[in-house]
Amino acid sequence: MKNLFSLDNPFIQLLSRVGDMIIVKFLCLLCSLPIITAGAAISASHRIMQDIVLDNEGSIFKTFFRVFKENFKQSTLVWIMELIILVSLACDAFLVFNFFPGSKVMYVLLAVLAFLVLCVCAHMIPLLIRYQNGLRQHLSNAMVLAVIRLPRTVAMVVMSALPLIVLVLDINVFLQTLVFWLFIGFAFIAYMNMFLYKGIYGKLEAGKK
């Protein structure tokens, strides 16, 4: 019976991890309410998930607000840049669907452009929360990594879009898992993306030694 509540018990560890994800999800949501601060909140959330993946766990609250403050300027600029690009892509999609209906070439071009943008965006936060560089260097590194680490990049893009993919494929499944997406979803996605990035960190830092 004593082993049932031991911290080494896999079930207790799973519950602890779920609890961490719920806390991170609501911290991120709370700090994203002004919208403009969402970039800093997302970066802080990813940093906590990175620490968990790399076994560098500390206080969730202290780490979140420290990283939120330290990366506020860069992460906000990245967030604004990504928002502008995504809005531009949405406008392009509107124009294509309305002025080039049925044009497979335009649809493919738009899809490829959106995919390339998402691939680069997938690397920005992981680089920003771990390395001290200017935004131009982060962007350059993100573009290179998006190409040379394409399989992991694709996996990260798919993981980030997972709620939307589930919604499009089967709305009933999405509704059945809505509690998961509301309470844990974002933190789980951040955790999985940082797990995928663990190997990239290792190779980048091995090359520096």
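This is a predicted model: local features need pLDDT of at least 70, side-chain atom pairs count only at pLDDT 80 or more; totals for chains, interfaces and linings use all residues.

1. Buried residues account for 36% of the 209 residues.

2. The secondary structure of the protein chain comprises 10 helices and zero strands. With a radius of gyration of 19 Å, close to the 17 Å given by the globule rule for 209 residues, the protein chain is therefore as compact as a globular protein of that length. Along the principal axes, its C-alpha atoms fill a box of roughly 65 × 45 × 35 Å.

3. Contacts in the protein chain between residues at least 6 apart in sequence deserve mention: 68% of them join residues at least 24 apart.

4. The largest nonpolar core has 41 residues, of which Ile48, Met49, Phe64, Phe68, Met194 and Tyr197 touch the most other members. Two or more residues of this core come from each of α1 (10-31), α2 (38-53), α3 (60-70), α4 (72-99), α5 (104-128), α6 (135-148), α7 (150-160) and α10 (178-206). The largest share, nine residues, is that of α2.

5. Which residues does Met194 contact, leaving aside its neighbours within four places in sequence? They are His46, Met49, Gln50, Val53, Pro126, Ile129 and Tyr201. Both Met194 and its contact Met49 are among the core residues that touch the most other members.

Definitions and conventions
Residues are numbered from 1 along each chain as its sequence is written. Side-chain values use heavy atoms; hydrogens and water are left out. Helices (H or I, at least four residues) and strands (E, at least two) are DSSP runs, numbered from the N terminus. The radius of gyration is taken over C-alpha atoms; the globule rule is 2.2 Å times the number of residues to the power 0.38. Buried means under 20% relative accessible area, exposed over 50%, partly exposed in between (1.4 Å probe, protein chains only). Contact means heavy atoms within 4.5 Å. A nonpolar core is a set of buried Ala, Val, Leu, Ile, Met, Phe, Trp, Tyr and Cys residues joined through side-chain atoms within 4.5 Å.
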